[in-house]
Amino acid sequence: DFLCISLVNGFIQLRYNLGDKTIILQAVQKIHADGKTWHLLKAGRVGNEGYLDLDGTNITQKGSAGMKALDVHTDFYVGGVSSLSLVNSMAVEDEPTGFSGCIREILINDRELKLTATDPKGGANVGDCDGTACGYSVCKNNGTCQVESSGFSCSCPQGWIGNTCEESVHCSQNRCGSRALCIPQPVLFSYTCACALGWSGKHCDNKIKFFTAKFVGNSYIKYIDPLYGKRDLQYTRISLNFSTNQAEALMVWMGKAEDEDNDFLAIGLANGTLKVVINLGERISVPLIHSKDSSTCCDERWHFVTVIQNQTCIKVYLDEELIIFEDIDPDRKYTALNYGGICYFGGFEIGRNIHTVTAGLFQKEFTGKIKDIALFQDSKKVQLMKAEGYNVHNGDHRN
């Protein structure tokens, strides 16, 4: 499998192969090869249907029945590859050659690749395309860059300060503790402190411990499963107790949550009823929703939920009653939950929108309490205090 964007006789080409045939899309207009004109390129695919947009002119190609997943486990190359012999002969029209020119602001599945000297895994023969100390987007938050004899300086818009306009004026004198993030609140001309897991208080200077995690809507816990390498990923089990008064929420996301190809198992609420979604590799996620006729999940009482994945058979128990039993793929094409050993509870990292990350499957972060999380057949419950997270409070008492 591959996905390749190339330049052929002045035309942009997108080629990809999902395992059965190579699909080719070519832009209708030539690019300006004058070394001065910037072009905006958007390319990709949804299933086996491709699209290519150059400077606002869009072409698409409907896919026919066949493969729908891009199975690649290699590095992502920009501008060239470490050895041109690695390039599949069908990925380019002629003999492959490296790119000469400038590339900036690359987004893969809405995540920006930082094209710096230190962020990529590796590279060779790459220089600063701007030719000055300003480079591209050196000044953050719409700051303006000026070249100076000593390097560069940034002229910052109102509300931002720092060498690269990276700091909000509202956080310049913040009293947040060392284990906290300062979140500017421009409308209030103030800030709030987001406390790291194990800390609380207005300025995050009170150390806390808890067994019951209280989520307040902009909270999350990211737990790394230390036993992931030994798990039988064809059989997954997770259980927990929760209480909430919210009708929409994401409670659990087992998976990397980095891009659309990642496997996941998700548990949440939709319209006040339990919603479970699992993706073992097909990328077609079938939500399993509990019937609305039953007792509501958002009555602030404690509810016990267990989700079991046995290859493609999914069982969901709510308060020890079997409410969902379904085989999501009788053909058994994908049977393992490759979740990367990562479990999110309550939401994702600060600044990541639930609706965007879950591709619309869930709408909001969780507000309420979670306790007694158990993975697989482990005798010990998940030690939440050993995880990463922010804005999680002590929910052990009725508060």
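Buried means under 20% relative accessible area, and partly exposed means between that and 50%. The model used here is predicted.

**Exercise 1.** Decide whether Cys195 and Cys204 are buried or exposed, then describe their link.

*Solution.* 
Step 1. Take Cys195. Its relative accessible area is 6%, so Cys195 is buried.
Step 2. Take Cys204. Its value is 3%, so Cys204 is buried too.
Step 3. Look at the bond. A disulfide joins Cys195 to Cys204, with S to S at 2.1 Å.
Step 4. Find the handedness. The torsion about the S-S bond is about -85°, so this disulfide is left-handed.

**Exercise 2.** Work out which parts of the chain the disulfide of Cys134 and Cys145 ties together.

*Solution.* 
Step 1. Confirm the link. The sulfurs of Cys134 and Cys145 sit 2.0 Å apart in a disulfide.
Step 2. Read the torsion. At -95° about the S-S bond, the link is left-handed.
Step 3. Cys134 lies in the loop between strand E8 (111–113) and strand E9 (144–148), and Cys145 lies in strand E9, so the pair ties together parts eleven residues apart in sequence.
Step 4. Check accessibility. Cys134 is buried at 8%, whereas Cys145 is partly exposed at 26%.

**Exercise 3.** Locate Cys139 and Cys154, and say how many residues apart they are.

*Solution.* 
Step 1. Start with the bond. Cys139 and Cys154 form a disulfide, S to S 2.0 Å.
Step 2. Locate the ends. Cys139 is in the loop between E8 and E9, and Cys154 is in strand E10 (residues 151–155), 15 residues apart.
Step 3. Check accessibility. Cys139 is buried at 9%, and Cys154 is buried at 17%.

Conventions: Residues numbered from 1 in each chain as written. Predicted model: local features only at pLDDT ≥ 70, side-chain atom pairs only at ≥ 80, totals over all residues. Heavy atoms only, no water. Disulfide = S-S within 2.5 Å. Helix = DSSP H or I, 4+ residues; strand = E, 2+ residues; numbered from the N terminus. Buried < 20%, exposed > 50% of the residue type's maximum accessible area, 1.4 Å probe, protein only.
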